[in-house]
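Please read it with the structure open beside the text.

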Amino acid sequence: QVQLVESGGGLVQVGDSLRLSCAASGRTDSVDGMGWFRQAPGKEREFVAGISWSVISTYYANSMKGRFTISRDKDKSTVYLQMNSLKEEDTAVYYCAASRYYPADEYDYWGQGTQVTVSS
């Protein structure tokens, strides 16, 4: 089992930046792909970005490229999502997920999510 705990969400204003963290624990050696997803009120969950523990590789949803950056610290077993120039439409619950594979079509473990609210 892998446990994921997100942090760093909060209430910010349009144009602000925010960095989310996802701390992984447990059998972290059993997963390779890590991803960030988000779900806005009344909308389906959508993929934001993915990263590998084992290789230097990242990928993003097309709409997230440029403002969002995913990174990881292997020593801390933590994945980050740096979000810049935030917009109101970025308001959502952001989830971290882990997969045995990279790139991942499916994710095996999920965190509880952290709320990001962008206000004008």
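**Notes on the disulfide, the fold and one tyrosine**

1. Counting as a disulfide any pair of cysteine sulfur atoms within 2.5 Å, the total comes to 1 disulfide. The partners are Cys-22 and Cys-96, whose sulfur atoms lie 2.0 Å apart. The two cysteines join distant parts of the chain, with Cys-22 in strand 3 (residues 18-26) and Cys-96 in strand 9 (residues 92-99), 74 residues apart. The torsion about the S-S bond of Cys-22 and Cys-96 is about -75°, so this disulfide is left-handed. A disulfide is a covalent bond between the sulfur atoms of two cysteines.

2. Some caution about the source is in order: this is a predicted model, in which local features need pLDDT of at least 70 and side-chain atom pairs count only at pLDDT 80 or more, while totals for chains, interfaces and linings use all residues. Residues are numbered from 1 along each chain as its sequence is written, and side-chain values use heavy atoms, with hydrogens and water left out.

3. The secondary structure of the protein chain consists of 0 helices and 11 strands, where helices (H or I, at least four residues) and strands (E, at least two) are DSSP runs numbered from the N terminus.

4. For 120 residues, a compact globule would have a radius of gyration near 14 Å, and the 13 Å of the protein chain agrees with this; the radius is taken over C-alpha atoms, and the globule rule is 2.2 Å times the number of residues to the power 0.38. Along the principal axes, the C-alpha atoms fill a box of roughly 40 × 25 × 25 Å.

5. Of the 120 residues, 45% count as buried, a term that means under 20% relative accessible area, with exposed over 50% and partly exposed in between (1.4 Å probe, protein chains only). Both Cys-22 and Cys-96 are buried.

6. With contact meaning heavy atoms within 4.5 Å, residues 24 or more positions apart account for 55% of the contacts in the protein chain that have a separation of 6 or more.

7. Which strand holds Tyr-80? Tyr-80 lies in strand 8 (residues 78-83), and it is buried, with a relative accessible area of 11%. Leaving aside neighbours within four places in sequence, Tyr-80 is in contact with several residues, among them Arg-19, Leu-20, Ser-21, Trp-36 and Ile-70. Tyr-80 and Ile-70 are 10 residues apart in sequence, and their C-alpha atoms are 5.6 Å apart in space.
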